[in-house]
Amino acid sequence: MTIRIITSTDSIPTHSLLAKAELHFDDGPLVGLKIVGFAIWKLSGGAGLSITFPGPLRPASIALGADLSQNAIREAILTAYHESVSQNAIREAILTAYHE
């Protein structure tokens, strides 16, 4: 998995939003897919950073791979989405990529 950090000020409308992030899948059954809509925020008072996750999945949020149906992709992503361990791992990976 590759994490793309987007820090272009053109697409960031507020001073609290530091960057956006996308997860790109490089191998395995999700190869060629990406999840967009993650955001890195500065907490008020400068007390740290917060990561927000994308909202409900829409067809425009997913680039479909060759052999996977849209429903299969949604089910796979939403299954992992509701596990706090998975969310914490994704959150940490995004923060690490942002600091690099």
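**Exercise 1.** Work out the strand order of the open sheet and find its edge strands.

*Solution.* Start with the order: the open sheet has four strands, β1-β2-β3-β4, with antiparallel pairing. Strands here are DSSP E runs of at least two residues, numbered from the N terminus, and two of them pair if DSSP finds at least two bridges between them. Next, look for strands that pair on one side only: these edge strands are β1 (2-6) and β4. On average, neighbouring strands of this sheet are turned by 25° against each other, direction ignored.

Before you go on: this is a predicted model, where local features need pLDDT of at least 70 and side-chain atom pairs pLDDT 80 or more, while totals for chains, interfaces and linings use all residues. Residues are numbered from 1 along each chain as its sequence is written, and side-chain values use heavy atoms, leaving out hydrogens and water.

**Exercise 2.** Count the bridges between β1 and β2, then find the bridge partner of T2.

*Solution.* β1 and β2 run antiparallel, and five bridges join them. For T2, go to β2: the partner is H24.

**Exercise 3.** Describe how F38 and F53 pair, and say what the pair ties together.

*Solution.* First the rule: Phe, Tyr and Trp rings (six-membered ring for Trp) pair if their centres lie within 6.5 Å, with planes under 30 degrees apart stacked, over 60 edge-to-face and the rest tilted. F38 and F53 sit 5.3 Å centre to centre with 65° between the planes, an edge-to-face pair. Now place them: F38 lies in strand β3 (residues 34-42) and F53 in the loop between β4 (49-52) and α1 (70-81), so the pair ties together parts 15 residues apart in sequence. Both F38 and F53 are buried (under 20% relative accessible area; exposed is over 50%, partly exposed in between; 1.4 Å probe, protein chains only).

Definitions and conventions
Axes are lines fitted to C-alpha atoms, for helices over the stretch in contact, and angles run from 0 to 180 degrees between N-to-C directions.
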